[in-house]
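Please look through the two-chain arrangement shown below before reading on, and keep the sequence at hand while following the text.

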Amino acid sequence: MKGIEPGKARKIMSERLNTIKKAVINRKRKEIEGLVDGAIEAGIEPGRIINEGLIAAMDVVGAQFAANDIFVPEMLASALTMKLGLAKVKPLLKSEDQPSRGTVLMGTVRGDMHDIGKNIVNMMLEGAGFTVVDLGVDLTLEKLLEEIESLKPDILGLSTLLTTTMPEMERAVRVIGDKGLRENMKIMVGGAPISKAFAEKIGADGHGSDAGEAVELAKRLMGE
Amino acid sequence: MSALYKGMKGDRPPVGNPTSIACHDLMDLCGISFPEAHLNATAMAELALAGHELIGFDTVMPEYSVDQEAAALGCNVDWGDRNRMPDSRHFPHEDFSDIAIPEDFLEKPSMRVLLDALSILRRHVGGKAAIIGKVMGPWTLSYHMAGTQNFLLQIGIEEKEIVHRMIRQLMPATVASARAQFQAGADVVVLADHATGNLVSPRHYEEYLLPVHQELTRAIEGPLILHVCGNCTDRLEMFADAGFDGYHFEWQVDAKTAVCKIGHRMCLVGNINNPEVLYQGTPEDVYDQARYAIEAGVDIIGPECAIPLSTPIENLKAIVSAVHEGY
């Protein structure tokens, strides 16, 4: 912000970042791209737009969700708003500014077509700086093993919403272990019927009960 | 049936399954498996019958998926296999275009198979076991038509008109299916509408669904049990206000709380925990939870929702044992 005295420039930047944050919290999908463009043109560093605007907003949204102040429709709309903003600013990031925190392979187990929770976790992980590869829903074990061997992710995230498909998650974790693919890869699991006890029973490395917890868990599994 | 209307009590409550109790053990015992049990009326009825004859449930319920109406409305349903439940592969109205219920809706194969299975059950167990039909409400049908994420997103960004219109356009399918199931032989119909606790808020239910459910309960003559998953403690009174005769609920709603809040207004059905108790627990765990529900005053005892396919049959029998001890 050339020609503006530093104190005022800082205030303008902070106001712009705050406006971006509010737009994500209030699910202003139609406005977010213009706001992020405006911040980029004003010379605000991409890393600050992400951390102080988009991610700061998702921290608030995550807390609102955990407190039952908002539910999945609102969380989803906020996450998609964040994603639109992130798509604008990510190409401008230099890799040294924000190196990837790690690669996470995500998928919903065989027999289960539900993916909203997984999609929200994906968006939050990307926002937090992870590289996410989403294998989608109804994931066969063959496809899963193939992708693990070719991508060699740091973390595998498995999701299921249905109690009817919980056994499939157990089977996947067992077979991955039997194939010796867990030496350099952690497994995190989640979904409505999945508890910490179930995660422990099937031998997963961790369980997140919501998207915010999943991101914190991924950071922990990376040794942060 | 008496329990549904909170009528004369026998010496024990009934054991009931408004949602599926099909599991591998039961399939092996009766020789009927998925996907045949979704597609063939005789197989569908025989698997339902096995729940009554081999496990001892007092009800028979022949629909093991949530896709019968969706398929008849144009969804391309993959009927799965022995290990995999059916699911829709595409969403014919993801653009929220207008939906017209086909004139031959009830004659579509996925509806015909269910109606025929109910008639077969009527002939076999009418008067001996309560025959339960199952219909999807317009909220669940909206998930099928538009895709769940897409539909919930419209709620999140408050595109209210779009949401209301889709729900309204799907109501006639719910009414037609429920009425036909009563005519075919159902004693009671479960109306499943997945405005799930933890997924959507009580405010969403009140705004989008309560008036619709009130219209549905007036339009469908015959006893209706509402099924909504998740922790719905915060909206139980609204389910009673909607005019349903019963509510089938999950373990996340404490049985004593449910009885205290709405037990005097509607029949309560449930609420044995699926993931921790029926699937992973021992028969003793199941027994304890069933006794807790009975002592809390739950009217019909059974699993909270469709059970995992690997549920051990001994755990289902433990519900029956707990109930046969009486009140």
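Which residues does B:Ile319 touch, not counting residues up to four places away in sequence? B:Ile319 touches B:Val15, B:Ile272, B:Val286, B:Ala290, B:Ile301 and B:Gly302, where two residues are in contact if their C-beta atoms, placed from the backbone, lie within 7 Å. This is a predicted model, in which local features need pLDDT of at least 70 and side-chain atom pairs count only at pLDDT 80 or more, while totals for chains, interfaces and linings use all residues. Residues are numbered from 1 along each chain as its sequence is written, and chains are lettered from A and ligands numbered from 1 in the order in which they are written.

B:Ile319 is also, together with A:Leu76 and B:Tyr247, among the residues with the most contacts inside the largest nonpolar core, which has 185 residues. Such a core is a set of buried Ala, Val, Leu, Ile, Met, Phe, Trp, Tyr and Cys residues joined through C-beta atoms within 7 Å, and a residue is buried if 20 or more other C-beta atoms lie within 10 Å of its own, exposed if 12 or fewer, and partly exposed in between. The largest share of this core, 9 residues, comes from α4(A), helices being DSSP runs of H or I with at least four residues, numbered from the N terminus. Because domain 1 (6-92) and domain 2 (103-221) of chain A both give residues to this core, it lies between them; the domain bounds come from an automatic or database domain assignment.

The centres of these two domains of chain A, taken over C-alpha atoms, are separated by 27 Å, and their contact takes 14 residues from domain 1 and 10 residues from domain 2. On the domain 1 side, α3 (46-66) and α4 (72-89) of chain A each supply at least two residues.

Between the chains, 25 residues of chain B are in contact with 21 residues of chain A. Helices α7 (148-156) and α12 (274-279) of chain B each supply at least two residues of the side that touches chain A, and α7(B) gives the most, with 6 residues.

Further along chain B, helix α8 (residues 160-184) has 25 residues and reaches 36 Å from its first C-alpha to its last, close to the 36 Å expected at 1.5 Å a residue, the expected span being 1.5 Å times one less than the number of residues. Its buried residues include B:Val163, B:Met166, B:Ile167 and B:Leu170. Just after α8(B), B:Gly185 takes a positive phi of about 140 degrees.
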